[in-house]
Amino acid sequence: MFRMLVIVMIVVPALEIWGLITVGHFLGGWQTFALLLLSGFVGAYLSKREARKVWNYARHEMAAGQIPARSILDGICIFAGGLLLVTPGFFTDIAGFLLVFPATRPLFRALVLKFVRTRLERGQFYFFFKR
């Protein structure tokens, strides 16, 4: 797991730098900078809006006596997408928008659920409680 994290921490910034240089070559430096700022602000706005919707739905489910499992998974996707959208770069923005948009979120929600289930079944998922 640590090796994978190190590889991601090297490959993703290198890919983002390559993407920024390529887009900067086609659009120009200031336009690329403005596009990065715009995607950051739009991403933050969308993340906040979608998080508010999911939070209201979770409150509605809890008031009805149901466990808000779907809302929790949506919240995880929106949180991860929001972090990716605030990170400068075009490839992380694409991944962030895919996680935040309601139309594409069910795919990622299913992946997160599958990840959690396999970890729990293997006994590799730990909960730490402080008493």
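Is Asp 74 buried or exposed? Asp 74 is buried, with a relative accessible area of 5%. The model discussed here is predicted.

## Asp 74 and its partner

Asp 74 sits in helix α3. Leaving aside residues up to four places away in sequence, Asp 74 touches Val 54, Arg 105 and Arg 109. One of these contacts is a salt bridge: Arg 109 pairs with Asp 74, and the closest N and O atoms are 2.7 Å apart. This pair links distant parts of the chain. Arg 109 belongs to helix α5 and Asp 74 to helix α3, 35 residues apart. What about the cover on the arginine? Arg 109 has 16% relative accessibility, so Arg 109 counts as buried. The cut-off for buried is under 20% relative accessible area.

## The salt-bridge network

How many salt bridges does the structure hold? There are five. Salt bridges that share partners join Arg 49, Glu 50, Lys 53, Asp 74, Arg 105 and Arg 109 into one network.

Glu 50 takes part in two of the bridges described here. With Arg 105, the closest N and O atoms are 2.8 Å apart. That pair also links distant parts of the chain, with Arg 105 in helix α5 and Glu 50 in helix α2, 55 residues apart. Both Arg 105 and Glu 50 are buried. The side chains of Arg 49 and Glu 50 meet in a salt bridge too, at 3.3 Å from N to O. Here the two partners have unlike cover. Glu 50 is buried, with a relative accessible area of 3%, whereas Arg 49 is partly exposed, with 35%.

| Arg 109 | Asp 74 | 2.7 Å |

## How α2 meets α3

Helix α2 spans residues 29-63 and α3 spans 69-86. How do their axes run? They come within 9 Å and cross at roughly 170°. That makes α2 roughly antiparallel to α3, because angles over 145 degrees count as roughly antiparallel.

Which residues of α2 and α3 make the contact? On the α2 side they include Ser 39, Gly 40, Gly 43, Ser 47, Glu 50, Ala 51 and Val 54. Tyr 57, Ala 58 and Glu 61 of α2 also take part. On the α3 side they are Arg 70, Ser 71, Asp 74, Gly 75, Ile 78, Gly 82 and Leu 85.

## Helix α4 and its cover

Helix α4 covers residues 90-100. Its buried residues are Phe 90, Thr 92, Asp 93, Gly 96, Phe 97, Leu 99 and Val 100. What covers these residues of α4? The cover includes α1, α2, α3 and α5.

Ala 95 is also found in α4. Ala 95 is partly exposed, with a relative accessible area of 31%. The C-alpha atoms of Ala 95 and Trp 18 are separated by 17 Å, although the two residues lie 77 places apart along the chain.

Phe 108 lies in helix α5. Not counting residues up to four places away in sequence, Phe 108 touches Cys 77, Leu 98 and Leu 99. Leu 99 is one of the buried residues of α4. Phe 108 itself counts as partly exposed, at 24% relative accessibility. Its C-alpha atom is 20 Å from that of Tyr 45, 63 residues away along the chain.

Between α4 and α5 comes a loop that holds Pro 102. Pro 102 is partly exposed, with a relative accessible area of 47%. Pro 102 and Pro 88 are 14 residues apart in sequence and 22 Å apart in space, C-alpha to C-alpha.

Which residues make the nonpolar surface patch of about 730 Å²? They are Phe 2, Leu 5, Val 6, Ile 7, Met 9, Ile 10 and Val 11. Met 9 is placed in helix α1, residues 2-27. At 58% relative accessibility, Met 9 counts as exposed.

Note on methods:
Residues are numbered from 1 along each chain as its sequence is written. This is a predicted model: local features need pLDDT of at least 70, side-chain atom pairs count only at pLDDT 80 or more; totals for chains, interfaces and linings use all residues. Side-chain values use heavy atoms; hydrogens and water are left out. Patches are made of residues with over 30% relative accessible area and no salt bridge: like charges are joined within 9 Å, nonpolar side chains (Val, Leu, Ile, Met, Phe, Trp, Tyr) within 5 Å. Accessible areas come from the Shrake-Rupley method with a 1.4 Å probe; for residues, only the protein chains shown count as cover. A salt bridge is a side-chain nitrogen of Lys or Arg within 4 Å of a carboxyl oxygen of Asp or Glu. Helices (H or I, at least four residues) and strands (E, at least two) are DSSP runs, numbered from the N terminus. Buried means under 20% relative accessible area, exposed over 50%, partly exposed in between (1.4 Å probe, protein chains only). Contact means heavy atoms within 4.5 Å. Axes are lines fitted to C-alpha atoms, for helices over the stretch in contact, and angles run from 0 to 180 degrees between N-to-C directions. Angles under 35 degrees count as roughly parallel, over 145 as roughly antiparallel, 65 to 115 as roughly perpendicular and the rest as oblique.
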